[in-house]
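Here is a short briefing on one protein model. Look at the overall fold before the single residues.

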Amino acid sequence: MIHQMQKLQSLAVENGPLCVGLDTDPSYLPKNVLEQYASPSKAVLAYNKKLIERIAEEKLACCFKVQIAYYEAMGLEGMETYAKTLHAVRDTGLVCISDIKRGDIGATSDAYAKAHFTGDFETDIITINPYMGFDTLQPFTKYSSPDCGGKAAFVLLCTSNPGMTDIEHQVLKDGTLLLERVGNEINRIGKEWASSYPEQTCGIFGAVVGATQEGDARILREKYSDTFFLIPGYGAQGGAARIAATLLLKAGGTVNSSRGILCAWKKDEACSKANVTLDDIVNSAVKAARFSKEDLCSAKKRLEQ
């Protein structure tokens with residue numbers, strides 16, 4: 001058996017490195033489409049399901065990343081939409097990443113792990129914030145065993161926001177950056193679990209590394225050559241395909257695009273009509289996903305030549 005991170009690594013080779021981010025805020029949908037549904041959350045679910053189906057059919061992505069905050073903001077019905085979206089992704093056979101960025105101590109982390117690796121909100125991979133300390137990571141590894149489905153996690157390492165330098169770039173007494181201490185711990189956990197997955201080609205924990213700083217990208221890809229990366233920042237956040245492609249070398253990674261795909265209809269002349277339909281905006285999103293996949297694969301190929 002392989003763990004979920006290795007499954008994702010394999011799918012990234014097979015389908016390409018694109019991760020479609022389902023940060024689906026109701027404001028991203030045209031007003032007349034929203035009005036066709038009983039509530040904003042139901043409209044979001046309809047959009048998510050159609051988009052998931054089309055992306056999976058065309059093999060345009062290796063995974064979907066579902067950002068929980070957008071669903072929490074819609075209340076109880078929004079969380080039902082969140083659960084149904086997770087199920088829709090997992091039913092395709094692609095990997096589902098729940099972007100929850102949890103990070104707490106002891107029993108609280110145990111509860112978070114149970115909540116997102118079992119039950120109504122079960123997913124394949126989650127995101128974790130390690131900056132409360134490395135004891136926040138351990139409860140999640142309990143679900144990484146083959147008996148529990150080989151669950152995995154992406155740990156925040158070098159994020160794409162400008163304020164990341166406030167903490168992640170702080171220099172420790174030994175002269176290394178704080179983010180390097182996190183990267184070393186990710187590597188240690190991967191080696192610790194290697195005996196459970198003797199044929200693994202990457203660890204159970206990957207790293208979140210943004211595609212907005214080219215210098216960081218080159219250094220971190222070289223330093224953590226066996227770590228699979230989740231790469232935000234491409235597209236709407238300004239990260240170039242060239243930077244993302246640098247992070248796709250060696251152990252590889254998956255590059256997230258959310259608004260650039262979800263809101264593609266806003267720049268599509270085919271959707272300029274007053275009575276734009278759900279199918280119209282899904283078609284625009286699929287075209288944007290197709291372009292993003294080609295853009296990333298071409299950039300990676302240029303670096304490999």
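For 305 residues, a compact globule would have a radius of gyration near 19 Å, and the protein has 19 Å, so the two agree. The model is a predicted one. Its secondary structure comes to twelve helices and eight strands.

**Overall build**

- Along the principal axes, the C-alpha atoms fill a box of roughly 60 × 45 × 40 Å.
- Of the 305 residues, 54% count as buried.
- Take the contacts with a separation of 6 or more: 76% of them are between residues 24 or more positions apart.

**Surface and charge**

- The accessible surface comes to about 13100 Å².
- Carbon and sulfur atoms account for 51% of that surface.
- The protein has 34 positive and 37 negative charges.
- The mean positions of the positive and negative charges are 3 Å apart.

**K151, a lysine in a loop**

- K151 sits in the loop between α7 (138-141) and β5 (152-158).
- Is K151 buried or exposed? Its relative accessible area is 2%, which is under the 20% cut-off, so K151 is buried.
- The side chain of K151 makes a polar contact of 2.9 Å with the side chain of E122.
- Leaving out residues up to four places away in sequence, K151 touches Q4, R90, F117, E122, T123, D124, Y143 and S144.

**Two residues with positive phi**

- K59 has a phi near 55°, a positive value in a residue other than glycine.
- K59 lies in the loop between α3 (40-58) and β2 (63-67).
- With a relative accessible area of 44%, K59 is partly exposed.
- K101 is not a glycine, yet its phi is positive, at about 45°.
- K101 belongs to strand β3, which covers residues 95-102.
- K101 is partly exposed, with a relative accessible area of 40%.

- G260 is part of helix α11, residues 259-262.
- Its relative accessible area is 36%; this lies between the 20% and 50% cut-offs, so G260 is partly exposed.
- How far apart in space are G260 and A289? From C-alpha to C-alpha, G260 and A289 are 8.5 Å apart, while 29 residues separate them in sequence.

Note on methods
Residues are numbered from 1 along each chain as its sequence is written. This is a predicted model: local features need pLDDT of at least 70, side-chain atom pairs count only at pLDDT 80 or more; totals for chains, interfaces and linings use all residues. Side-chain values use heavy atoms; hydrogens and water are left out. Helices (H or I, at least four residues) and strands (E, at least two) are DSSP runs, numbered from the N terminus. Buried means under 20% relative accessible area, exposed over 50%, partly exposed in between (1.4 Å probe, protein chains only). A polar contact is a pair of N or O atoms within 3.5 Å; within protein, one must be able to donate a hydrogen and the other to accept it, and residues adjacent in sequence count only if both atoms are side-chain atoms. Contact means heavy atoms within 4.5 Å. The radius of gyration is taken over C-alpha atoms; the globule rule is 2.2 Å times the number of residues to the power 0.38. Accessible areas come from the Shrake-Rupley method with a 1.4 Å probe; for residues, only the protein chains shown count as cover. Lys and Arg count as positive and Asp and Glu as negative; His and the chain ends are not counted. The place of a charge is taken as NZ of Lys, CZ of Arg, CG of Asp or CD of Glu.
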